[in-house]
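Work through the following exercises with the sequence and the structure at hand. Each task is followed by its solution in steps.

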Amino acid sequence: MRSVDGGDLWWKSAVFYCADVETFFDSNGDGTGDIRGMSDRVEYLADLGVTCLWLMPFYPTAQKDDGYDIVDFFGVDPRLGNLGDFVELVRTARAAGIRVIVDFVMNHTSDAHPWFKSARRSVDDPYRDYYVWSATEPKSSPKDVVFPDQEDSIWELDPKTNEWYLHHFYKHQPDLNIANPKVQEEISRTLGFWLELGVSGFRIDAVPFLFAKDSVPGEPGAFDPYEYLGDVRNFVTRRVGDAVLLGEVNVAYKDQKKFFGGPDGDGLNMQFDFIGMQNVYLSLARGDARPLAKAMRQRPNLDITSQWANFVRNHDELTLDKLTDAERQEVFDAFGPDPDMQLYDRGLRRRLPTMVGGDERRMRMLYSLAFSMPGSPVLFYGEEIGMGENLDIPGRLAVRSPMQWTGGSNGGFSTAAKRRLTRPMPDGLFGPDRVNVAAQRRDHQSFWWFIRDLVYTYRQQPEIGWSTAEVLKQPHRSVLAHGCREEESDWQMLALHNFGAEGVLVPIELPDASPGSVLVSLLDGLTEHPLDDSGRAELELGPYGYRWLRLVRPGDDPII
C-alpha cells in the first residue's frame, strides 16, 4: 500500500491549497493581508487537511498585476511582511505537516525592475540582453495578445533607444531572454535562495510563453527550451531532492507531454489539467458526461515521477480557450450569460457557487470528481466554504476578494475601516454574513465539512494519486464512471458522477474482480455492494449524485 506522504514523490498524493497573502488574513489591521496573518491561519489549513500551501506572489511589486509584476525576486513586499516573517511561516507550516511552495515568475519582470531600468538606457547596457529587443518592429498577430482589452501587440516601442521589446502580457511586464546564460544564472540564484529558506518547490507561471517562437529578426539561436526546463528540474533536485515544479501549462495534451520531459519525465513534475477542467464545465452545461469522458480517454498516462494537478477553479478567469467557439458559448449561456461575467471572449470571471446559483448538489459533485481523478487536487482559497466572486472588482481579480472568516465586520478578514480593505467583499447571497468559515465549522452538514471529509478520504486512499484511469462503459449519457487502478498493490476504486438532474440506476462490470468481491462505498458510511460472480452490480445514483467505491476482494485487509 502506498504511504500517505509518498516519500520523495510526496506531490503524488498531496492536497494543495492556493492562497493570496494579500487577501487571506490581515494580522495588523491595515486592511491588507500579510504573511503573519497567513501563519496565524496555518492551524486552520492543517485542520482542513491541506498538505501543501501554494503562495501566490508576495515579492516587491509595482502593484499593476496583483504581484506578478515583480521588481525584486529576493524580497518580500513590505506591505505583506519581511523575510523573517516568511521563514517563520515556512517553519510553522512544516510543524503542522504542511509544505510550502511559492509562485515563481520566470517569463517576465516588471518594467520597474532594476534590470529593465538599466537595459532601456542604451543598446550597449550590460542588462540589455536580459530582455528581448528588436531594432525593427516585428509582426504581431491579435491571437498572440493575452489581454486584448489592454494591449494590441506583444511588442512595445521604447523611445529611449527606439527599439521594440517583447511582452507577452502587459507592456509593463517585459519578457526575459531565457536563452541568455546570464538570465539562466539569475534564475538559478533565485530558485536556490528560496529553497534555502525552506520552500518545497515552485509553481512556475506561464510556462508555454517561455517556449514561444516569436518573430524576432535575425538568426535563430541554438537554445532548446525543453532542455533548459530539464536543467531547471535538475538544479532544483540537486538542491532539495524532493522539491516539486508545478507548471501552468494550458496546451493540448499531446504538447503537455513535452513539458513533463518526454518518456523519462525529466521536465516539470506536475502540470494543471486545463483540458479536463474545461470539459468538466462543458459536461455540466449539457448535463452530459461525454465531453469529459472523451477528454479522459485522451489524457496521457505519465511516468512515475510525474503528476496531474486537478482543479475546479483557480485564481485566474475560468479559461475556456480549448473549447470550440460553439462549446464555449454553451458554457457562457449556462454559467455567465451577462457580458460583465465574461473576460476576453475566452473565460468567466466567476467562482463555481455563483455559476450554479448556489446549488450544492452540483458543487459537491464537481469537487468529488476533482478529488477522485488520478492526480493531486488543488483548492483555491475560499472554495472550501463556497465563496462567490465580487464582479465589482475589475477583471480576473473578481475571484480574489478577501477570505470570509466570520459574519462580522469585513468578514473577519481585517479590523481596518471598510474603505481601507485591499479589495471589497462581495455582498448579497454570497456575502460574509451568509458564507463564512466560522458558521460552517460549527455546522457538520456544511460545505466546509464536506470538503474536509473529501480531503481526508482522499488522503486515506493515497493510491488515487498513483493510479491510472479508465472510463467504464455504462448506458447513461449523464454519468461518468471511471475506474482508478494502482498496479503495484492491485488497488482499485470505482467513481460514479451524475451530471444530470434525474436519478439513474447504473449497471457496472468489473470482470477481473474475484468471486465474493464487494464494492465498499467510501463517502457514505462504508456501505457494501456485493458483486455477482461476473463482477457485475447495479448502483443507484441520485440527481448530481456521486460515489467512490473501493473494490475489496476476499482476503483483503478490511482496514480501508
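**Exercise 1.** How much space lies in the largest cavity?

*Solution.* Two conventions come before the steps. The model is predicted, so local features need pLDDT of at least 70 and side-chain atom pairs count only at pLDDT 80 or more, while totals for chains, interfaces and linings use all residues. Residues are numbered from 1 along each chain as its sequence is written, and side-chain values use heavy atoms, with hydrogens and water left out.

Step 1. Grid points are joined across faces, edges and corners, and the volume is the space filled by probe spheres set on the points.

Step 2. There are 6 cavities of 30 Å³ or more in the structure. The largest cavity holds about 140 Å³ of space.

Step 3. Lining residues have an atom within 4 Å of a point. The largest cavity has 13 of them, with G276, M277, V280, F311 and A370 nearest its centre. At least two lining residues each come from α9 (274-286), β10 (307-311) and α13 (360-372); helices (H or I, at least four residues) and strands (E, at least two) are DSSP runs, numbered from the N terminus.

Step 4. Sort the lining of the largest cavity by class: 9 residues are nonpolar, 2 polar and 2 charged. Here Ala, Val, Leu, Ile, Met, Phe, Trp, Tyr, Cys and Pro count as nonpolar, Asp, Glu, Lys and Arg as charged, and the others, Gly among them, as polar.

**Exercise 2.** Which parts does the pair of Y44 and W405 tie together?

*Solution.* Step 1. Rings of Phe, Tyr and Trp (its six-membered ring) pair if their centres lie within 6.5 Å; planes under 30 degrees apart count as stacked, over 60 as edge-to-face and the rest as tilted. The whole structure has 43 aromatic pairs.

Step 1. Y44 and W405 are edge-to-face, at 4.9 Å centre to centre and 80° between the planes. Y44 is in helix α3 (residues 42-48) and W405 in the loop between β14 (376-380) and α14 (437-442), so the pair ties together parts 361 residues apart in sequence.

Step 2. Y44 and W405 are both buried, that is, under 20% relative accessible area (1.4 Å probe, protein chains only).

Step 3. F380 and Y381 also form an edge-to-face pair, with 4.7 Å centre to centre and 65° between the planes. F380 counts as buried at 1% relative accessibility, and Y381 at 0%. One aromatic cluster includes Y44, W405, F380 and Y381.

Definitions and conventions:
Buried < 20%, exposed > 50% of the residue type's maximum accessible area, 1.4 Å probe, protein only. 1 Å grid on protein atoms, 1.4 Å probe; cavity = no way out; pocket = protein on both sides within 12 Å on 5 of 7 lines; lining within 4 Å.
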